[in-house]
Amino acid sequence: MSLSDTFKTLTKPAHAVSGIGDKISELPRVSRWSLVALFIVSLYLMPWWPEVPVLGWLVDTPGTSFEGVITDKVVIYVLVALGLNVVVGLAGLLDLGYVGFYAVGAYVVGVLSSQHANLPWLVCVPIAVAVSMLAGVILGTPTLRLRGDYLAIVTLGFGEIIRISANNADWLGGSRGISKIAKPPNIGPLKFGILDAKPYFFLGLTVILITVFFLRRLENSRVGRAWNAVREDEDAAELMGVHTFKFKLWAFAIGAAIGGLAGTLYAGKVRFINPSNFPLQLSILFIAAVVLGGTGNMWGAVLGGAVVAWMPERFRGFADKRVFVFGVALVLVMVFRPQGLIPRKIRKERWLANWKPSQSGDADSGVSRG
Amino acid sequence: MQTAGCPVADTILSVDNVTMQFGGVTALSEVNFGIERGEILGLIGPNGAGKTTCFNVITGVYAATSGSVTFDGQPLAGLKRFQITKRGIARTFQNIRLFPDMTAVENVMVGADANHKTSVGGALIGSRRHHREEREGRDRAMELLTFMGIADRAGDAARNLPYGYQRRLEIARALATGPKLLCLDEPAAGFTPAEKQELMDLIRKIRSQGYTVLLIEHDMSLVMGVTDRIVVLDFGKVIAMGSPAEVQNNPDVIAAYLGVPDDAA
């Protein structure tokens, strides 16, 4: 069995699982929206979670500041997992070099705000996203003709090329990296400084929510359907009129843009980057986040990203064995829940209950050739 | 009897001198035939005769080694597979190839999307066209599922549908692309005689809606009962062409396809 086949078995959806999501969407509109609002508010209160009695004990990270963990790692990983989920989960393209796009985003901010220019962070972000997207298109155009394992190998190479090029190019700071990167501008009471990490968290969370909003729109459109069709059976999709190459390239470009966006947040927060921040291992960890959470399920990706970012910090108590404990935890999840924590679900066609034939008369009349 | 090669005004698809070689193997050799608009043409032949290869050449899966395929007055050479579908040729598969984890109605909507234009931009801003096309796609999909008699399981994953439903779902998905020519590759494989009869009626009904149908089929009774004309392939060559009755009594066909004369009926 090839690598990508093995991988595909991980992306099978669970059947007949009535998740929390279904229960929520069956509620009346008002209670549904209040629940969603409540959930979002509680997310914004995350920096204070350690002070809540039981929850605090559960989530707090001994030895590291919880606030630091959620701003430096969790929001970044969640955003990255969301982007990677488009490529891997929706379109079914195994991308093992995703860290490359993340690095491109971070480096564009570094170059434009410190190394070669003094542009403000906010100006750098759209440029960085555009450049990452372009990198996705440049990588995708020749390689998306490949399938399965071959695509995985090429993307793996891409990630390494970006890192090694950054290491060798003096105008990118070489192995010393780039320091004094611009930080996000202060917004009212939110001061982006060294002392308080919370503003970065709020910024990251807001970016995630906006990303989720737009990704949902894509998922529920012709684009999302085309991606799913490509993942399920690329040849059949093409023969049913799906321009598979175009939609695969879109998946790659959108994934790359989100990866780059995560890179800009990272650069704006740590304000110092060097090539060793973007190792191959990170690509693998990003894939692990998506698979652990539930490939093809956006909420799964969010949870997976959060868990992969947070868990090693939670286990700091195990000192030098913490990565081992983290690894065992990942293996256990994969053994007992191979579809991930929140598996992809068969789409619920809610509108079906209310669907009525729009034309009167028997059904035969509707199918003739226009 | 020989209609191929001569450009009749109403020939929707013509296959001219198509040869298809895979390395040293010649799967199709100088194949010539045409399909008239509005007819049901049967393509039959023993196993390995080249029927599915012929299908694959028509739908662009393979590029013919030599010869050409003309559809609706335009050559198909050089077109991508999805472009051929958009021109108006849709197909089903010998081995069912649905999108297993998508619902039945979603499967059909993918087909309907061949006529739609919404892309990333329109979906992101939730354009008016996006909403209109979603609504149209749903209506079209439900109409086709109703037409095929499988609308009761519209919300189920394709993988969970019974075999007969899956076969019919493939036809619904192909019809959703809005084809002028519908190519069915052994649509009745694995069916009981009663189901085959039902399918025959359905194919006739599809034709009466104005579609042209190209049908590959093993089951002689189905082919004889439903087709207007039949093309017989054997070892990659057209050995006979004509009405079911003509083909049925053609000694070459009897020899090649049916083996012993007694089985001809």
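**Strands, helices and one partly exposed methionine**

Guide: In this predicted model, strand β3 (residues 40–44) of chain B runs parallel to strand β9 (residues 229–234) of chain B, and 4 bridges join the two.

Visitor: What makes β3 and β9 of chain B a pair?

Guide: Pairing requires at least two bridges between two strands. β3 and β9 of chain B have 4 bridges, so they pair. Within β9(B), B:Val231 is the bridge partner of B:Leu43.

Visitor: Which sheet of chain B holds β3 and β9, and in what order do its strands lie?

Guide: The sheet is open and has 6 strands with mixed pairing, in the order β6-β7-β8-β3-β9-β10 (chain B).

Visitor: Why are β6 and β10 of chain B called edge strands?

Guide: Strands β6 (89–91) and β10 (237–242) of chain B each pair on one side only. On average, neighbouring strands of this sheet are turned by 20° against each other, direction ignored.

Visitor: Which strands does helix α1 of chain B touch?

Guide: Helix α1 (residues 51–58) of chain B packs on the sheet and touches β3, β6, β7 (181–185), β8 (212–216) and β9 of chain B. The direction of α1 makes about 150° with that of β7(B). Helix α7 (residues 193–208) of chain B lies across β3, β7 and β8 of chain B, at about 150° to β8(B).

Visitor: Why is A:Met334 called partly exposed?

Guide: A:Met334 has 15 C-beta neighbours inside 10 Å. Buried needs 20 or more and exposed 12 or fewer, so A:Met334 counts as partly exposed. A:Met334 is in helix α15 (residues 322–336) of chain A. Its C-alpha atom is 8.6 Å from that of A:Val291, 43 residues apart along the chain.

Terms used:
Residues numbered from 1 in each chain as written. Chains lettered and ligands numbered in written order. Predicted model: local features only at pLDDT ≥ 70, side-chain atom pairs only at ≥ 80, totals over all residues. Axes fitted to C-alpha atoms, helices over the stretch in contact; angles between N-to-C directions. Contact = placed C-beta atoms within 7 Å.
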